[in-house]
Amino acid sequence: MKKSHKTRTFKEASENIGGQWRRIAVVACRNCAKVENLSIKTAYGLLPPVAIEKKFSQKGWKIGQNDHWDICPDCVAKRDAKPVLKIVPKAEAPPVEEVVEVKPELVVKPEPPRVMQRDDRRIIFEKLNSVYLDEKRGYDNDWSDHKVATDLGVPRVWVEQVREEMFGPINTNSDIEEFMKGLEELALYKKQLEDFSKLKPQIEQLRAVAQSVNLAGMLERIVKLEKLEALVKKHIQR
């Protein structure tokens with residue numbers, strides 16, 4: 001008979017979906033720090049720990065005796081994978097080469113980049129859970145990946161990774177969309193002003209010509225010529 005471990009508890013959090021809050025259970029992989037959540041609210045109340053454990057197990061998780069021993073499906077698959085035997089051909093003896101003494105150079109190794117730990121992922125998740133509304137509306141007010149990263153003092157790529165995994169692709173709110181449309185209109189107005197500036201010398205030239213012409217006298221002359229034309233036509237028809 002299989003011996004079962006003691007029923008354990010799960011960490012819980014609140015998640016806002018479409019303006020409605022729901023209660024979720026959260027697990028994190030002890031190997032790769034991957035985080036996954038599960039809605040535990042039902043019509044009859046919250047799921048008991050036994051049911052939560054069963055649902056995570058159905059998703060491929062290896063649930064440990066406490067939250068420090070949970071393993072995600074990917075790491076379980078890697079652990080249980082059978083080793084592949086690789087046939088290595090017998091190496092031939094390399095030809096004898098002249099040995100040239102090379103003086104070693106001082107090489108300064110760059111500092112390795114920071115690696116996101118499980119605690120970092122949890123902190124980022126909790127922050128996103130409070131400022132990211134949903135996939136349709138995106139961030140609340142003026143929050144963004146950059147602002148969350150600055151607020152927590154973590155690399156922006158960490159925030160982007162957790163948001164993509166737990167909340168979905170980035171989206172913008174209506175205020176930001178309106179601002180971006182305003183930028184497009186501003187660029188169009190700027191282009192029109194540049195075109196007007198190029199035509200300004202020609203406009204000034206036409207204005208100077210119009211001011212130099214006696215329009216009133218020209219119109220009076222045209223009226224006289226039209227009357228004279230009418231008299232001439234009348235005389236010819238007789």
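In strand β3, the bridge partner of A25 is L38. Strands here are DSSP runs of E with at least two residues, helices are runs of H or I with at least four, and both are numbered from the N terminus. Two strands count as paired if DSSP finds at least two bridges between them.

A word on the source. This is a predicted model, where local features need pLDDT of at least 70 and side-chain atom pairs count only at pLDDT 80 or more, while totals for chains, interfaces and linings use all residues. Residues are numbered from 1 along each chain as its sequence is written, and side-chain values use heavy atoms, with hydrogens and water left out.

Back to the strands. β2 and β3 (residues 35-39) run antiparallel and are joined by five bridges. Their hairpin has six residues between the strands, and A33 there takes a positive phi near 65 degrees.

On to β1. Seven bridges join β1 to β2, also antiparallel. E12 stands opposite A25 in β2, and E15 stands opposite R22. This hairpin has two residues between the strands, with G18 at a positive phi near 60 degrees.

Next, the pocket. A pocket is an open set of points on a 1 Å grid over the protein atoms alone, with protein on both sides within 12 Å along at least five of seven lines; lining residues have an atom within 4 Å of a point. The lining of the largest pocket is K11, E12, A13, V26, V27, A28, R122, F125 and E126. The elements giving two or more residues to that lining are β1 (11-17), β2 (20-28) and α3 (118-131).

Last, helix α7. L228 has its place in this helix, residues 215-237. That is the end of my part.

Terms used:
1 Å grid on protein atoms, 1.4 Å probe; cavity = no way out; pocket = protein on both sides within 12 Å on 5 of 7 lines; lining within 4 Å.
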